[in-house]
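Let us take a walk through this model together, stopping at a few places along the way. Have the sequence and the structure ready as you read.

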Amino acid sequence: MEAISTDNTKAQMRKGVLELCILSILMEGDAYPTEIIDKLKDTKLVVVEGTLYPLLTRLKNTGLLTYRWEESTSGPPRKYYKLTETGEQYLKELQQSWKELVDAVNKTIERGINK
């Protein structure tokens with residue numbers, strides 16, 4: 001029998017929570033994309049620019065983020081992203097949904113373990 005890899009499932013799970021993680025990082029304060037990528041890497045969520053930039057653009061276009069350009073001493077100007085008030089409210093709702101989902105999943109997993 002062929003071994004089944006969990007790689008695709010893990011990638012889909014990470015992709016599903018990426019928006020929540022990015023918004024949570026920006027709740028801490030304004031950040032430019034490289035900082036966001038570094039903070040995600042610190043938590044073992046490895047994200048490449050090709051994934052991050054389209055997501056940031058979509059979040060900006062839906063009114064959850066704004067941005068500003070800031071001069072950099074070590075290169076070209078940087079685009080700093082910031083949560084809007086709508087983004088902060090959206091994040092609170094996402095966080096509540098996440099907690100409910102984690103609780104439900106944990107209860108389901110525990111049932112299987114305790115059988």
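Leaving aside residues up to four places away in sequence, Thr-84 touches Gly-63, Leu-64, Leu-65 and Thr-66, where contact means heavy atoms within 4.5 Å. You will find Thr-84 in the loop between strand E2 (75-83) and helix H4 (85-113); helices (H or I, at least four residues) and strands (E, at least two) are DSSP runs, numbered from the N terminus. Thr-84 is buried, as its relative accessible area is 15%; buried means under 20%, exposed over 50% and partly exposed in between, with a 1.4 Å probe and protein chains only.

A word on what you are viewing: this is a predicted model, in which local features need pLDDT of at least 70 and side-chain atom pairs count only at pLDDT 80 or more, while totals for chains, interfaces and linings use all residues. Residues are numbered from 1 along each chain as its sequence is written, and side-chain values use heavy atoms, leaving out hydrogens and water.

Now look at helix H4 again, where Leu-101 has its place. With 47% relative accessibility, Leu-101 counts as partly exposed. Leu-101 and Val-17 are 84 residues apart in sequence, yet 11 Å apart in space, C-alpha to C-alpha.

Next come two packed helices. H1 (residues 7-27) and H3 (residues 49-61) pack at an angle of about 75 degrees, with their axes 11 Å apart; axes are lines fitted to C-alpha atoms, for helices over the stretch in contact, and angles run from 0 to 180 degrees between N-to-C directions. That angle makes H1 roughly perpendicular to H3, a term for angles of 65 to 115 degrees. H1 brings Leu-18, Glu-19, Ile-22 and Leu-23 to the contact, and H3 brings Thr-51, Leu-52, Leu-55, Leu-56, Arg-58 and Leu-59.

Where does Lys-44 lie? Lys-44 is in the loop between helix H2 (33-42) and H3, and at 73% relative accessibility Lys-44 counts as exposed. Most residues other than glycine have a negative phi. Lys-44 is not a glycine, but has a positive phi of about 75 degrees.

Our last stop is the largest pocket, lined by Ala-11, Arg-14, Lys-15, Leu-18, Leu-45, Val-46, Val-47, Val-48 and Thr-51. H1 gives the most to this lining, with 4 residues. A pocket is an open set of points on a 1 Å grid over the protein atoms alone, where a 1.4 Å probe fits, with protein on both sides within 12 Å along at least five of seven lines; lining residues have an atom within 4 Å of a point.

Key: Parallel < 35°, antiparallel > 145°, perpendicular 65-115°, else oblique.
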